[in-house]
Amino acid sequence: PHGQGSCRSFWPDRATFIGFAHICQPLPLEADPKLLSWFASVEGQRMVQDGTLVETWRYFEERRVPPATPQARQMVQARAQEAQRRVQIVAEKLAAGYVVSAEDRAFADHYRAQTARLTDLLEVARAARAAQKGAA
């Protein structure tokens, strides 16, 4: 049904074929070479410095493109600040001995775990890029 030509009897172009494949089963972000290249670039270090690593990853999950526009970067930054504030509040409440809701504690634990996972992924992407440049 997705063939090309007037009778739909020819194989589709590679780009069309890949597009249909992504509809059926999207490529995991961890295996996306464009994303990993972007993460390994100077942008990866910028995300770590700005504290937007998790939110940038979520932006990628939603849109499959980097937050390149000023509006997108601002949105990612605002979400990162809100999440970090929420994690900080949970940590302060726990340190002071207050009761923290299960939802807030789960959010903070998940956010920290995701930050650690993405930091590791970033290091792997950087190492792969350095190895690729060294081999060239």
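Predicted model: local features only at pLDDT ≥ 70, side-chain atom pairs only at ≥ 80, totals over all residues.
What does Glu-30 form a salt bridge with? The partner is Arg-117, and the closest N and O atoms are 2.8 Å apart. Now look at where the two sit. Glu-30 is in the loop between α1 and α2, while Arg-117 is in helix α6, residues 102-135.

Arg-86 pairs with Glu-103, with the closest N and O atoms 3.7 Å apart. Arg-86 belongs to helix α5, residues 70-96, and Glu-103 to helix α6, so parts 17 residues apart in sequence are tied together. Arg-86 is partly exposed at 25%. Glu-103 is exposed, at 59%. Glu-62 is partly exposed at 48%, and Arg-63 is partly exposed at 37%.

Next, a helix pair. Two packed helices are described by the angle between their axes and the distance between the axes. Take α2, residues 33-40, and α3, residues 42-50. Their angle is about 65°, and their axes are 3 Å apart. Which residues meet? From α2 come Trp-38, Phe-39 and Ala-40. From α3 come Val-42, Glu-43, Gly-44 and Met-47. In this contact, 5 residues are nonpolar, 1 is polar and 1 is charged.

Two of those names come back at Thr-56. Thr-56 is in helix α4, residues 53-63. Is Thr-56 buried or exposed? Its relative accessible area is 2%, so Thr-56 is buried. Beyond its neighbours within four places in sequence, Thr-56 touches Trp-38, Met-47, Pro-67 and Val-76.

Last stop, the largest pocket. Its volume is about 280 Å³. The lining has 13 residues, and nearest the centre are His-22, Leu-27, Asp-32, Lys-34 and Arg-64. Elements giving two or more residues to the lining are α1 and α2. The largest share, 4 residues, is from α2. By type, the lining splits into 9 nonpolar, 1 polar and 3 charged.

That's the tour. Thank you.

Conventions:
Residues numbered from 1 in each chain as written. Heavy atoms only, no water. Axes fitted to C-alpha atoms, helices over the stretch in contact; angles between N-to-C directions. Contact = heavy atoms within 4.5 Å. Nonpolar A, V, L, I, M, F, W, Y, C, P; charged D, E, K, R; others polar. 1 Å grid on protein atoms, 1.4 Å probe; cavity = no way out; pocket = protein on both sides within 12 Å on 5 of 7 lines; lining within 4 Å. Points joined across faces, edges and corners; volume = space filled by probe spheres on them. Buried < 20%, exposed > 50% of the residue type's maximum accessible area, 1.4 Å probe, protein only. Salt bridge = Lys/Arg side-chain N within 4 Å of Asp/Glu carboxyl O.
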